[in-house]
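Here is a friendly note to read alongside the structure. Please keep the 3D view open and look up each element as it comes up.

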Amino acid sequence: MLKIKDLHASVEGKGILKGINLEVGAGEVHAIMGPNGSGKSTLASVIAGNETYEVTAGDIFLDGESIEDFSPEERAHNGVFLSFQYPVEIPGVSVTNFMKTAINESRKAKGIEDMPAKDMLKLIREKSELLEIDRKFLSRSLNEGFSGGEKKRNEIFQMAMLEPKLAILDETDSGLDIDALRIVANGVNKLKSKDNAVVVITHYQRLLEYIVPDFVHVLYNGKIVKSGTKELAMELEEKGYDWIKQEAAV
Amino acid sequence: MDLKDKLVSSFLAFENNIDVHNPVHDVRTEAIKNFETKGFPSKKMEAWKYTSLNSLQKIDFSIFPKKESSLEYKDVKKYFIHQIDTYKIVFIDGVFSSNLSETTHDGVDICLMSSALTKPMYKAVVDVYFNKVASKEESLTTLNTAFSREGAYIYIPKNKVPKKPIEIIHFSTGNDAALMLQPRNLVIAEENSEMQIIERHQSLTSNAVLTNSVTEIFAAKNAIVDYYKVQNDNDSASLIDNTYVDQKDGSHVKVHTFSFGGKLLRNNLNFYQNGERIDSTMKGITIIGEKQHVDHHTLVHHIEPNCESHQDYKGIFAENSTGVFNGKIIVDKIAQKTNAFQQNNNILISDKATINTKPQLEIFADDVKCSHGCTIGQLDEEALFYLQSRGIPKKEARALLMYAFANNVLESVRIPELKVRINKLIANKLGVNLGFDL
């Protein structure tokens with residue numbers, strides 16, 4: 001489904017991704033781990049099309065088609081979703097209205113009519129129950145004054161609403177207490193199917209106890225230096241990242 | 001003949017139609033002398049550095065309308081907040097329209113300045129308040145004072161609250177090729193009274209209109225006044241709004257100014273805090289484009305201790321539009337424990353748009369909290385990416401962010417139907433259907 005080939009990206013002339021190769025198949029869960037500053041969030045942003053980063057070499061394919069020239073919204077319309085580490089606050093626009101706009105813009109891009117209000121309400125009800133989100137929460141301004149946990153839960157709610165093919169969860173576990181973590185992970189697991197894929201970006205192994213990965217990759221200094229199965233995540237939890245750094249230095 | 005000469009000579013014609021023996025006329029006579037000496041402000045003056053009235057002075061404005069006109073309510077309904085019941089004081093080409101208005105004398109006076117200035121029953125109030133807070137030096141204010149005859153007169157006695165909000169609307173019909181209007185409003189809120197006022201100027205054709213308006217607001221002890229100015233006129237109409245507010249102990253006065261339309265808009269908003277525990281709030285949203293010009297000049301004079309002032313002005317400038325924000329705060333030596341906040345944030349969405357923003361703080365007390373901030377920027381790229389990543393195209397995402405940027409100024413609007421109306425005007429002005437019901 002997702003294929004990344006020799007991806008190099010930089011910001012303000014500074015190279016951050018230095019040749020990433022990654023393949024994610026339908027129905028798979030991949031975890032990308034690594035120490036701070038290794039390029040994890042940059043990779044997530046570049047896949048989603050953030051123009052702050054300049055792709056200097058390589059390519060990204062979604063279902064065989066290069067999406068490198070696609071705008072962020074075109075990538076979204078093609079099924080890419082990024083759960084942000086720091087979701088942006090949008091005062092004056094309620095969660096519900098924001099979702100209506102997002103869904104109907106995607107439909108418009110595909111030449112489908114707006115979703116009827118009744119269906120929209122039903123969908124919102126169904127998905128908010130999945131994430132155990134209170135109805136009142138939906139009429140609040142998007143992310144404004146939300147706690148860390150509320151923001152992350154809201155991100156996964158948006159994912160549930162948009163039903164992406166490829167979901168990238170960037171540090172979704174940061175700022176979550178154990179209950180919120182369980183709700184978020186449960187939401188992600190319920191949305192998983194043989195037709196979609198999830199890439200979990202995390203510093204810690206904690207989230208991976210709930211969202212169990214098929215593959216684990218270690219990103220260090222802009223490159224994937226090690227790949228393995230979920231046992232690799234446990235090894236990292238136990239030993240930290242120093243041995244990876246040493247191995248990479250050799 | 002230039003506009004100044006025309007105005008000065010028109011004063012003689014004006015005197016033929018009013019009672020020159022009324023003591024009020026002495027005030028007018030003094031005022032026209034001041035205007036005659038000073039004339040229109042020029043760009044050489046610091047306060048008018050960025051706003052030129054030169055091109056307006058070249059227009060041959062009629063000083064008095066040629067004839068009286070009437071309008072049908074159904075044709076102008078959309079300019080009212082018609083979803084709710086309101087008192088209405090409506091003028092057509094400067095002349096009171098009784099069929100569009102709904103005035104009252106039931107416990108409160110919501111009526112006409114022409115009555116207040118001429119009828120004996122109002123004399124005691126007029127003697128105390130008329131032209132008492134308005135400047136006797138500023139030339140445009142004195143020009144208005146010289147021609148003061150008509151406008152809204154609102155008197156809310158002690159402990160009274162009118163049953164509904166008050167709308168003041170000035171229509172111009174375009175019967176004259178170019179018309180100058182000089183409405184004069186007097187608003188008095190006695191102790192513990194409360195009121196809400198919505199004011200609007202609306203030209204119905206593309207003929208030129210210049211309005212030079214003066215409003216005096218007096219808020220006695222613990223009175224609450226909410227004043228909303230809706231400035232969405234068409235692009236051949238210009239407005240100079242001079243508003244003066246005198247506040248006493250514990251009073252709260254809020255003025256919201258929504259500037260979306262008009263050729264040239266100048267708001268001179270002056271607050272004088274003559275008491276303690278006073279709260280003065282000034283908020284504004286400006287969204288303009290093309291060659292529009294909006295200038296906000298605010299003044300808060302903290303004269304006594306333990307008072308607050310809050311200013312929050314947001315501006316979005318497109319195309320060749322120009323904006324000015326000048327916020328002056330004076331804190332007298334005696335005015336300890338003053339809290340004065342001022343914020344002016346601007347977004348320029350065109351390379352050709354301009355904003356000149358200037359905080360001007362003169363603080364003579366040493367135990368005060370004063371903060372000011374002004375920003376001029378573009379839209380937050382990260383926020384834009386966030387919206388786009390949810391499938392919202394860049395153009396709509398930008399509109400949504402601009403909407404969000406301006407929107408929080410509306411939080412303090414206490415008339416829900418007005419809030420909805422302003423929200424719609426903002427969405428409309430940003431030119432994009434945001435895809436949801438506001």
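1. Two strands pair if DSSP finds at least two bridges between them. Helices (H or I, at least four residues) and strands (E, at least two) are DSSP runs, numbered from the N terminus. This is a predicted model, in which local features need pLDDT of at least 70 and side-chain atom pairs count only at pLDDT 80 or more, while totals for chains, interfaces and linings use all residues. Residues are numbered from 1 along each chain as its sequence is written, and chains are lettered from A, with ligands numbered from 1, in the order in which they are written.

2. Start with strand β7 of chain B, residues 184-189. Six bridges join β7(B) to strand β9 (residues 208-219) of chain B, and the two run parallel; here B:Asn185 stands opposite B:Thr215. Strand β4 (residues 152-156) of chain B also runs parallel to β7(B), joined to it by four bridges, with B:Ile156 opposite B:Ala189.

3. Is β7(B) buried or exposed? Six of its six residues are buried (20 or more other C-beta atoms, placed from the backbone, lie within 10 Å of the residue's own). On one side these are B:Arg184, B:Leu186 and B:Ile188, and on the other B:Asn185, B:Val187 and B:Ala189.

4. Now find helices α6 (residues 148-162) and α7 (residues 178-191) of chain A, whose axes come within 10 Å and cross at roughly 10° (axes are lines fitted to C-alpha atoms, for helices over the stretch in contact, and angles run from 0 to 180 degrees between N-to-C directions). α6(A) and α7(A) are therefore roughly parallel, a term for angles under 35 degrees. Their contact has eight nonpolar, two polar and two charged residues (Ala, Val, Leu, Ile, Met, Phe, Trp, Tyr, Cys and Pro count as nonpolar, Asp, Glu, Lys and Arg as charged, and the others, Gly among them, as polar).

5. Compare helices α2 (residues 24-38) and α7 (residues 139-146) of chain B, whose axes come within 7 Å and cross at roughly 140°.

6. Finally, look where the chains meet: 24 residues from chain A and 21 residues from chain B take part in the contact (C-beta atoms, placed from the backbone, within 7 Å). Which element gives the most to the side of chain A that touches chain B? It is α3(A), with seven residues.

How values were computed. Contact = placed C-beta atoms within 7 Å. Buried ≥ 20, exposed ≤ 12 C-beta atoms within 10 Å, placed from the backbone. Parallel < 35°, antiparallel > 145°, perpendicular 65-115°, else oblique.
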